[in-house]
Amino acid sequence: MRSESTVAPRHRIVEAPAGRLHLVEQGRGPLVLLVHGFPESWYSWRHQLPALAAAGYRAVAVDVRGYGRSSKPAATEAYRMLDLVADNVAVVRALGEDSAVVVGHDWGSNIAAASALLHPEVFRAVGLLSVPYAPPGGPRPTDVFSRIGGPEQEFYVSYFQQPGRAEAEIEPDVRGWLAGFYTALSADTMPAEGEPDPHFLTPGGRLRDRFPAGPLPAWLSEEDLDVYAGEFERTGLTSALNRYRSMDRDWEDLAPYRGAPITQPALFIGGALDASTTWMSDAIDAYPTTLPALSASHLLDGCGHWLQQERPDEVNSLLTDWLTTLRVPSLRI
């Protein structure tokens with residue numbers, strides 16, 4: 001009999017508020033829902049699916065609405081956090097489960113955190129990769145981003161929030177842009193100290209002008225890049241970028257949860273060279289208050305933003321070790 005890790009992942013489509021969501025699952029056991037970030041897809045979890053399956057879990061990686069083979073609602077407001085959380089709940093129900101552990105990376109970390117915050121009855125634990133948890137609240141996001149960088153530089157989030165502007169840069173050469181973006185945030189290829197920061201651009205300029213030239217990072221093969229580029233060449237970038245364009249709406253929607261902690265068991269893994277962890281170090285320091293049931297917080301030395309692909313073995317080990325500490329829900333008869 002073949003082990004679960006040697007069984008090929010299964011592609012499925014399930015019904016959800018988005019319309020239809022594409023997911024890839026492997027293994028049997030307690031459900032672990034994997035949520036990707038920008039600009040990726042379910043494929044960013046390709047190393048975790050077999051590892052989690054081998055460890056005795058039902059690992060499920062989704063294409064978030066607007067990505068890959070999932071539905072792509074046209075309205076910008078369809079990408080608000082409340083809708084993405086509703087999609088996650090729908091996936092758990094469509095798979096015939098009552099609960100799941102949710103794990104997210106990049107934007108997926110925010111989605112996973114919001115899912116756990118809003119639906120603790122469904123999401124019994126939460127794993128956050130790259131982007132730390134910061135409770136809802138504070139100033140309006142667009143006001144914050146507009147002040148970052150000063151008059152000489154524009155922050156990439158503000159750039160992405162302007163409809164059509166980033167699409168005009170990216171879509172004529174999706175593959176080349178993705179290669180540059182992945183390279184710019186990877187530990188082995190990111191710009192050296194003192195070189196232009198790829199999180200900023202000159203007013204009226206292009207983000208890709210800040211990307212380093214040179215080879216792809218070690219974790220990204222030409223074939224991997226083809227997978228990512230092929231999806232975005234087919235779908236375009238607007239739906240993915242609409243997540244950035246919904247941040248003020250999220251700020252309003254989540255106002256009732258201002259300052260709220262996540263009380264379920266939690267895990268954080270970040271890259272020591274990732275701007276997400278260095279810029280948000282205060283959020284990590286606040287974990288005793290904001291994540292009171294935190295099991296562990298790990299910063300991987302010499303690792304960049306794409307940590308589950310840059311350091312898959314280490315991330316797999318940390319995830320599976322953490323999962324074994326969680327109480328397994330009662331199995332249905």
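Q: How does Gly-164 count at 36% relative accessibility?
A: This is a predicted model, in which local features need pLDDT of at least 70 and side-chain atom pairs count only at pLDDT 80 or more, while totals for chains, interfaces and linings use all residues. Residues are numbered from 1 along each chain as its sequence is written, and side-chain values use heavy atoms, with hydrogens and water left out. Buried means under 20% relative accessible area, exposed over 50%, and partly exposed in between (1.4 Å probe, protein chains only). At 36%, Gly-164 therefore counts as partly exposed.

Q: What distance separates the C-alpha atoms of Gly-164 and Ala-240?
A: Gly-164 sits in the loop between α5 (156–160) and α6 (165–170). Ala-240 is 76 residues from Gly-164 along the chain, and their C-alpha atoms are separated by 12 Å.

Q: How many helices and strands does the secondary structure of the chain come to?
A: Helices (H or I, at least four residues) and strands (E, at least two) are DSSP runs, numbered from the N terminus. The chain comes to 15 helices and ten strands.

Q: What is the radius of gyration of the chain?
A: The radius is taken over C-alpha atoms, and the globule rule is 2.2 Å times the number of residues to the power 0.38. For 333 residues the rule gives 20 Å, and the chain's value is close to that, so the chain is as compact as a globular protein of that length. The radius of gyration is 19 Å.

Q: Which residues is Leu-207 in contact with, leaving aside its neighbours within four places in sequence?
A: Contact means heavy atoms within 4.5 Å. By that criterion, the partners of Leu-207 are Tyr-156, Tyr-159, Phe-160, Glu-169, Trp-177, Phe-181, Pro-198, His-199, Phe-200 and Leu-201.

Q: Is Thr-290 buried or exposed?
A: Thr-290 lies in helix α13 (residues 287–290). Not counting residues up to four places away in sequence, Thr-290 touches Tyr-133, Pro-135, Pro-261, Ile-262 and Ala-283. Because its relative accessible area is 9%, Thr-290 is buried.

Q: What is omega for the cis peptide bond that joins Phe-38 and Pro-39?
A: Most residues other than glycine have a negative phi, and most peptide bonds are trans. Pro-39 is in the loop between β3 (31–35) and α1 (48–54). For the cis bond joining Phe-38 to Pro-39, omega is about -10°.

Q: What is the positive phi of Asp-106, which is not a glycine?
A: Asp-106 is in the loop between β5 (100–105) and α3. At 9% relative accessibility, Asp-106 counts as buried. Its phi is about 60°.

Q: What is the positive phi of Ser-130, which is not a glycine?
A: Ser-130 is found in the loop between β6 (123–129) and α4 (141–147). With 0% relative accessibility, Ser-130 counts as buried. Its phi is about 80°.

Q: What share of the 333 residues in the chain do buried residues make up?
A: Along its principal axes the C-alpha trace spans about 60 × 45 × 40 Å. Of the contacts with a separation of 6 or more, residues 24 or more positions apart account for 76%. Buried residues make up 56%.
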